[in-house]
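Hi,

Here is the structure I promised to pass on.

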Protein chains: 2
Amino acid sequence: MTVSALNAAIGRINDVLCASSVLVWDSRTMLPKGGAATRAGQLATLAGLARDMLMSAETRRALDTARREVESAPQDDPWRRAVASVKKAIALHERVPAELIERKARLNGVGTQIWFKARAENDFRGFAPVLAEIVQAARDYADAVGWTEHPYDALIGLYEPGTRLSDLKALFAELASGIKPVLDQALGRARPRTEFLDTPFGEAKVHAAGRLLSETLGYDYEHGRLDKTVHPFAISFTREDVRITMRLGEKSFANSLFGAMHETGHGLYEQNVDPAYTRTALATNLIGLYAGGGASLGTHESQSRLQENHVGRSRPFWQAHFAAVKNALGGLDDIDADAFHKAVNTVSTGLIRTEADELTYDFHIMLRVEFEAALLKGDIKVEDIPGAWNEAMRRYLGVEVPNDLNGCLQDIHWSSGAMGSFCTYTLGNVMAAQLFATARREGEGVAEALERGDTTPLRAWLKEHVWRHGKRFGRDELLRRATGRPLEAGPYLAYLAGKYAEA
Amino acid sequence: MTVSALNAAIGRINDVLCASSVLVWDSRTMLPKGGAATRAGQLATLAGLARDMLMSAETRRALDTARREVESAPQDDPWRRAVASVKKAIALHERVPAELIERKARLNGVGTQIWFKARAENDFRGFAPVLAEIVQAARDYADAVGWTEHPYDALIGLYEPGTRLSDLKALFAELASGIKPVLDQALGRARPRTEFLDTPFGEAKVHAAGRLLSETLGYDYEHGRLDKTVHPFAISFTREDVRITMRLGEKSFANSLFGAMHETGHGLYEQNVDPAYTRTALATNLIGLYAGGGASLGTHESQSRLQENHVGRSRPFWQAHFAAVKNALGGLDDIDADAFHKAVNTVSTGLIRTEADELTYDFHIMLRVEFEAALLKGDIKVEDIPGAWNEAMRRYLGVEVPNDLNGCLQDIHWSSGAMGSFCTYTLGNVMAAQLFATARREGEGVAEALERGDTTPLRAWLKEHVWRHGKRFGRDELLRRATGRPLEAGPYLAYLAGKYAEA
């Protein structure tokens with residue numbers, strides 16, 4: 001069973017997309033200020049080349065050959081799946097006219113610049129005109145790609161194939177009614193000490209602690225790096241070179257460290273895709289046109305949330321590793337593991353999504369999905385966003401929004417053309433709990449080792465059931481094979497209720 | 001006067017070559033060990049794409065249009081020159097068969113790995129078989145490109161267009177007879193104190209001093225970075241982002257600092273190419289297929305040597321800046337500027353090219369050019385290199401070579417396919433002196449400012465006469481326009497004689 005001509009063609013596309021990713025990584029960690037403009041042009045050229053290569057006669061010929069090669073292969077054969085995913089990607093890109101690709105690329109560049117300025121000046125009106133154009137482009141894109149129930153479904157499908165707005169609505173309703181009482185109860189409790197989370201340790205020491213934690217979680221520095229950035233991310237240039245980033249020099253060293261654990265989860269996924277899939281369609285996102293091997297964005301997020309929250313915010317983890325982290329930081333002598341664990345699990349309603357705790361985070365997502373769907377459908381106008389946002393924050397979390405900077409201007413996503421991706425954060429939370437519960441229950445030695453802060457057996461289970469498969473299976477099939485169940489909110493709600501009842 | 005279609009086509013090629021250069025920079029400064037293999041494949045794909053784009057029907061059509069557009073432009077019009085250089089590059093690449101390109105690419109990859117191993121084990125026999133293949137490929141390449149006097153001329157022409165082996169031989173003879181007496185005299189003098197050049201200051205402080213020196217020389221950090229590497233280099237991703245590197249953690253901090261000044265010279269050239277040439281054939285090496293704007297490799301080297309030696313090893317420079325450098329390093333309290341200046345101008349015959357001083361360096365080059373020409377012509381066999389090398393080192397510098405590690409295995413050039421490029425180091429030395437002498441003599445305020453350690457007027461002169469022109473003029477034309485003279489050894493010999501007579 002071989003699809004070597006197709007793999008050769010996709011391999012070259014993967015090379016270009018990996019090069020693109022190196023340029024992106026560099027832009028966000030190393031780039032001198034003055035280099036931003038020409039860098040944007042370089043990325044645009046590489047993106048165009050990768051798309052041209054995917055749509056080329058050569059790739060189509062290789063695809064035709066490969067389709068015959070896999071005809072009699074088992075339905076779940078990896079190369080049969082690779083062939084299907086190339087076919088699907090070509091069909092999708094074929095539906096999007098060149099004019100729209102260029103318009104979206106231009107809007108992403110211009111939009112982000114205008115957003116940065118608008119945010120700095122707390123000026124939503126300055127952002128509104130380009131946002132209206134962005135919404136129109138998203139609408140045109142949805143129409144080009146095609147949809148049946150709701151145009152938003154087409155955008156969601158780019159990140160989380162097969163998921164529709166109606167699925168999200170049902171899930172969100174179940175989550176809201178399940179989380180609300182746990183949240184109310186938690187908010188009623190006394191706040192523990194947290195002021196020590198802001199101890200200023202200096203960048204080098206926080207970096208050392210971040211590195212220690214990522215190594216503890218199994219991230220491989222022979223094939224990776226951990227660098228400073230403003231908005232942390234993980235990125236893959238094939239499984240041989242998967243890089244993670246963290247904030248340094250921020251107020252809370254603890255936020256930096258949990259960010260590092262989050263990106264470690266993404267990194268572990270990419271570092272552990274089956275080596276046989278390297279440079280193939282099973283480790284390349286040909287819809288989004290980037291190098292990387294996850295089943296979906298939500299599945300990827302499940303792996304980061306799992307490491308950050310299920311492992312990283314658990315008491316046994318800190319009982320095992322807090323001494324080493326204190327040593328790396330060189331301080332916190334009067335704080336013990338229990339006090340640290342309590343502090344990093346504090347619950348409070350706030351305005352900012354990226355600072356939200358486990359009980360409030362999903363409400364921020366529900367709000368954004370509600371807005372994106374309404375904007376796309378024309379149910380709300382761009383200029384009405386600020387008022388409606390503030391009303392929604394009252395409705396979802398009972399908080400008052402003092403200004404747009406802390407409200408509807410806080411996220412980069414709309415300006416950068418990522419409309420439709422917010423839901424993957426909550427899908428990731430739900431999947432993380434479902435996978436983690438199964439791993440604890442069924443994984444050999446997983447639960448016992450976790451009690452000692454040792455994630456080695458957990459990693460073995462995740463590698464076997466999630467990581468190694470890359471893009472071989474879609475999210476739902478992956479979940480069914482790993483947990484025997486479809487996506488379901490039960491384990492997530494049980495996890496939250498159990499954790500915050502005991503606190 | 002516009003060649004916009006051609007500039008658009010070359011602009012896209014430049015984007016790909018800049019991406020390639022980002023990957024090269026990353027490989028040599030940031031890459032985790034395990035990422036090397038897939039990175040090599042990514043670079044190979046980008047190189048192939050850039051070549052395909054250059055040779056494409058689209059570029060040829062744009063070239064045809066552009067040729068008509070510049071028909072009546074003045075002979076030295078930049079866009080007329082751009083058109084000529086694209087035409088020349090396409091013609092050259094057309095002469096090289098695909099088989100040879102692939103063979104050379106494979107040999108460069110394999111050859112470098114084998115060389116690293118052979119060097120580590122001081123085992124020339126382990127390197128000999130692949131070197132024989134490399135020499136054969138170089139011979140085939142020379143035959144494909146074409147030559148009249150000597151096959152080596154074809155290789156030299158890739159780096160220093162228009163220069164032949166016979167030109168080099170005449171130049172080398174003049175240099176040898178001019179430098180030898182100065183060298184003999186200098187070797188007869190007492191050695192000054194130099195032990196403090198090895199003071200261990202730690203990487204951060206040596207980096208800070210390197211940064212200070214590069215800023216003093218005018219390098220722009222809004223469009224650049226200075227990073228740690230093993231073999232220092234400068235690299236350009238358009239003039240908006242030109243990066244330099246330095247050794248850190250080596251025995252001699254002084255070597256690290258002079259390396260930084262050397263790369264600063266390369267960086268200044270790239271940062272000061274006319275902005276109108278960005279992403280055009282006037283800032284892209286379409287023969288070597290890399291982004292960068294110099295007239296030739298030797299011209300580029302002249303700019304690094306000028307900053308490193310004519311500025312950086314001058315007494316007034318250290319009288320002006322040694323206090324600040326000491327401050328950055330945090331030490332050397334008992335050393336004054338004169339003692340430092342003396343120490344960094346010590347002359348001695350040694351085995352290693354990269355450690356050679358100004359009076360011995362060119363002899364290392366003459367030896368290598370002699371060997372490369374003989375290998376190519378078949379006048380010497382690969383297996384006879386070690387003995388012949390040791391004999392030649394006796395002949396050129398009167399030193400005994402104890403082993404191949406310190407002899408014929410010391411340079412990476414042959415293994416990496418850069419046969420023909422060594423001469424550019426000596427051409428750079430010669431040009432540096434010629435340009436520097438002219439700048440001092442004719443440049444407004446240049447000489448006076450240099451006496452105060454201020455290179456601002458020198459920079460203005462170099463920008464006007466060298467840097468801004470990018471690839472508009474070839475080396476000889478640039479020299480004639482800048483100095484009124486062809487390439488000549490006189491100013492270099494006068495500089496060396498003057499400097500080392502006074503010491």
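Predicted model: local features only at pLDDT ≥ 70, side-chain atom pairs only at ≥ 80, totals over all residues.

Residues are numbered from 1 along each chain as its sequence is written, chains are lettered from A and ligands numbered from 1 in the order in which they are written, and side-chain values use heavy atoms, with hydrogens and water left out.

**The two copies**

Chain B superposes on chain A by a rotation of 180° with 0.0 Å of shift along the axis, at an RMSD of 0.0 Å. Contact here means heavy atoms within 4.5 Å.

**The sheets**

A note on terms: strands (E, at least two residues) and helices (H or I, at least four) are DSSP runs, numbered from the N terminus, and two strands pair if DSSP finds at least two bridges between them.

Chain A has an open sheet of three strands in the order 1-3-2, with mixed pairing. Its edge strands are strand 1 (224-228) and strand 2 (234-236) of chain A, each pairing on one side only. Neighbouring strands in this sheet are turned by 20° against each other on average, direction ignored. Strand 2 of chain A runs antiparallel to strand 3 (residues 242-246) of chain A, and three bridges join them. A:Ser236 has A:Val242 in strand 3 of chain A as its bridge partner.

In chain B, too, there is an open sheet of three strands with the order 1-3-2 and mixed pairing. Strand 1 (224-228) and strand 2 (234-236) of chain B are at the edges with a single partner strand each, so one side of each has no neighbour in the sheet. Strand 1 of chain B pairs with strand 3 (residues 242-246) of chain B in the parallel sense, over five bridges. There, B:Leu226 has B:Ile244 in strand 3 of chain B as its bridge partner. Helix 1 (residues 4-29) of chain B lies across strand 1, strand 2 and strand 3 of chain B, at about 35° to strand 1 of chain B. Axes are lines fitted to C-alpha atoms, for helices over the stretch in contact, and angles run from 0 to 180 degrees between N-to-C directions.

**Helix pairs**

In chain A, helix 8 (residues 165-187) and helix 16 (residues 423-442) pack at about 55°, with their axes 12 Å apart. Helix 8 of chain A and helix 16 of chain A are therefore oblique to each other; angles under 35 degrees count as roughly parallel, over 145 as roughly antiparallel, 65 to 115 as roughly perpendicular and the rest as oblique. On the helix 8 side of chain A, A:Leu168, A:Leu171, A:Phe172 and A:Leu175 meet A:Cys423, A:Thr426, A:Leu427 and A:Val430 in helix 16 of chain A. The residues of this contact divide into seven nonpolar, one polar and no charged. (Ala, Val, Leu, Ile, Met, Phe, Trp, Tyr, Cys and Pro count as nonpolar, Asp, Glu, Lys and Arg as charged, and the others, Gly among them, as polar.)

In chain B, helix 9 (residues 203-216) and helix 12 (residues 315-329) pack at about 150° with axes 8 Å apart, which makes helix 9 of chain B roughly antiparallel to helix 12 of chain B. Residues from helix 9 of chain B, including B:Leu212 and B:Leu213, meet residues of helix 12 of chain B, among them B:Phe317 and B:Trp318. By class, this contact has 11 nonpolar, two polar and one charged residues.

Cheers

Terms used:
Least-squares fit on C-alpha atoms with pLDDT ≥ 70 in both.
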